[in-house]
Amino acid sequence: MTAIYLSPSVQENNPFIIGESEEYYMNRIADAMIPYLKASGISFFRNNPGSTLSQIISRSDVGNNDLHLALHASTSPDNMRGVLQGPDVYFFTASTRGRQAAEIISSNLKKIYPDPKMVTVIPTTIFAELRSTRAPAILVNVAYQDNYTDAAWIRDNIDEIGRNLAQSTAQYLGVPFVSP
């Protein structure tokens, strides 16, 4: 059986321009993924919203996970607030499996994001959640929380985003995707 570690943002003090927080919306997306993961036979473990990043990484490493999937929303630098848009899919630069998962997720997000050209895959060594987990890890910044259009897109498409990410996960794991 395949297993993933779902890690929606624990940043409850990171506000969306339309109200609520990054933690709130990313947990709603994770909630939307769960029925599809279960129907597809993918077991999952999920972080606790009260956990620290080091606790999240430690708990991810306890399991025999095939993927660590972190869900976040981007925040623009102060001089670009409200301007930047689009999903960014990060993977650890040295991870071949991470790159593969990032490319699958990006390709599928392009099918639902309003401007597919704005969906990017970015290799990085910066994020601890990517470089310190045992399983290949992906960090999906679903869209920009300080851009009204992006924030509204997330709010209005929770179920579609969750389904898309679950489908991408099944594709990466090589298991049939099943709708509940």
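Mentor: Here's a look at one helix pair, starting with the chain around it. Keep in mind that this is a predicted model. The chain has six helices and six strands, and from the N terminus on they run β-α-β-α-β-β-α-β-α-β-α-α. Its radius of gyration is 15 Å, close to the 16 Å that the globule rule gives for 180 residues, so the chain is as compact as a globular protein of that length. Along the principal axes, the C-alpha atoms fill a box of roughly 45 × 35 × 30 Å. Buried residues account for 52% of the 180. And if you take contacts between residues at least 6 apart in sequence, 78% of them join residues at least 24 apart.

Now for the pair itself. Find helix H3, residues 96-109, and helix H6, residues 158-173. Their axes come within 9 Å and cross at roughly 140°. Angles over 145 degrees would count as roughly antiparallel, and H3 and H6 are therefore oblique to each other. As for handedness, the crossing of H3 and H6 is right-handed.

So who's touching whom? On the H3 side, look for Arg-97, Gln-100, Ala-101, Ile-104, Ile-105, Asn-108 and Leu-109. They meet Asn-164, Leu-165, Ser-168, Gln-171 and Tyr-172 in H6.

Terms used: Residues numbered from 1 in each chain as written. Predicted model: local features only at pLDDT ≥ 70, side-chain atom pairs only at ≥ 80, totals over all residues. Heavy atoms only, no water. Axes fitted to C-alpha atoms, helices over the stretch in contact; angles between N-to-C directions. Helix = DSSP H or I, 4+ residues; strand = E, 2+ residues; numbered from the N terminus. Parallel < 35°, antiparallel > 145°, perpendicular 65-115°, else oblique. Left-handed = near helix turned anticlockwise from the far one by under 90°. Contact = heavy atoms within 4.5 Å. Rg over C-alpha atoms; globule rule 2.2 N^0.38 Å. Buried < 20%, exposed > 50% of the residue type's maximum accessible area, 1.4 Å probe, protein only.
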